[in-house]
Amino acid sequence: LGDPDLTVSNAPRRQFNGYVKFWTGLEAPASSAVPGQGHFPIRCYYDNDSDELINYRGRDGLVDLGVYRELLRSLSAMGYNALNPFDQLGRPEFQQWASYKSRWQFRADPGHIGRLFDLAQEEGFLIEVNLTLGGGPDPLPDDLECWPRFRVEWLARWKRRLLESPLGRADLFAFGPRSPIWDSPYRCACAECVRRGTGAIMTEVFAALEELILGHNPRARLLCDLYFQGLTLWERGGFRVSDRWTLVAADNGYGRLILPEAAGKAPFAWGIYLHAGFWLNHSIQDPHLDALAESIREGALAGATCYL
């Protein structure tokens, strides 16, 4: 990336070039370097919208385990040390959109998820899970997206995921102050939610979720994702969490980091979250690596360096 502080050792270059050949059938150029993020102790690959990867030897939405091992080894060679296998936990689209249902008979499979976690740990990765409730083996129906009325149902599903599924094995647990089902703002417009405001509702949700996770694993690391509406809620002051949560500032969806004024400041640990590929464009790199490099530098200079 042109900055020695943002580049990992060249030691894995030969190994990395071997993985380039696995995926492309081509030899990597002799001058190719391995980009890294030396400032950030946790460097997580968030596996989302990876339909092409799933369909490469996989079936019905479940990725081939041999392909996934090669993916993990490639990621390790590039400097990653954590994995969020989001799609494999069960994206809600897999179970609800006609375009998927007509081609896949997807079922969230705890055994498959457990084997993916085994692979990740064998390859030296920390495991991160996102605690959204829209997918998985017991999804939250759309008509239960009201926290004041249906908190019991939300908490019951989270408990089952922590205690009765492989998700409880995770090292890092992520959630954002948005819809628990879809990639959208919190949608309930009942009288109580409107009166109290989304910020206050989400403050209560995060407090309950923190108690639940830490009761299960006191050493768990908690990540609060401030993507899109999350950042607005935080900056307005209506949404707050305890300092057990690492606050993760996000980009605009296209690789350009949006840092709040408080980024990097105590009492919170801060990190950053960047998109490196897109649903409508999986054939070329977009955003370009220059945009990602600039956002990484901005995060490092602000002190948002606990997570990438």
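Predicted model: local features only at pLDDT ≥ 70, side-chain atom pairs only at ≥ 80, totals over all residues.
Which residues in H8 meet which residues in H10?

Stop 1: Switch to cartoon view and pick out the strands. Seven of them, written E1-E2-E3-E4-E5-E6-E7 in sheet order, form an open sheet with parallel pairing. At the edges you'll find E1 (44-46) and E7, each pairing on one side only. Look along the sheet and you can follow the twist, which averages 25° from one strand to the next. As a reminder, strands of a sheet pair through backbone hydrogen bonds, either parallel or antiparallel.

Now zoom in on E5 and E6. These two pair in the parallel sense over 4 bridges.

Stop 2: Next, select 147-163 for helix H8 and 198-216 for helix H10; their axes are 11 Å apart and the packing angle is about 25°. Angles under 35 degrees count as roughly parallel, so H8 is roughly parallel to H10. The crossing of H8 and H10 is right-handed.

Time to answer the opening question.

- From H8, show Trp147, Pro148, Arg151, Trp154, Leu155, Trp158, Lys159, Leu162 and Leu163.
- From H10, show Ile201, Glu204, Val205, Ala208, Leu209, Leu212, Ile213 and His216, which the H8 set meets.

Colour the contact residues by type and you get 13 nonpolar, 1 polar and 3 charged.

**Stop 3: two loops with positive phi.** Go to Arg57, in the loop between helix H2 (51-55) and helix H3 (65-77). Arg57 isn't a glycine, yet its phi is positive, at about 75°. Is Arg57 buried or exposed? Its relative accessible area is 55%, and the cut-off for exposed is over 50%, so Arg57 is exposed.

Then jump to Phe228, in the loop that runs between strand E5 (221-225) and helix H11 (229-236). Phe228 is another non-glycine with a positive phi, here about 50°. With 43% relative accessibility, Phe228 counts as partly exposed.

**Stop 4: a cis peptide bond.** Finish at Ala266 and Pro267. The peptide bond joining Ala266 to Pro267 is cis, with omega at about 5°. To place Pro267 in the fold, look in the loop between strand E6 (245-250) and strand E7 (270-273).

How values were computed: Residues numbered from 1 in each chain as written. Heavy atoms only, no water. Buried < 20%, exposed > 50% of the residue type's maximum accessible area, 1.4 Å probe, protein only. Pairing = 2+ DSSP bridges. Axes fitted to C-alpha atoms, helices over the stretch in contact; angles between N-to-C directions. Parallel < 35°, antiparallel > 145°, perpendicular 65-115°, else oblique. Left-handed = near helix turned anticlockwise from the far one by under 90°. Contact = heavy atoms within 4.5 Å. Nonpolar A, V, L, I, M, F, W, Y, C, P; charged D, E, K, R; others polar.
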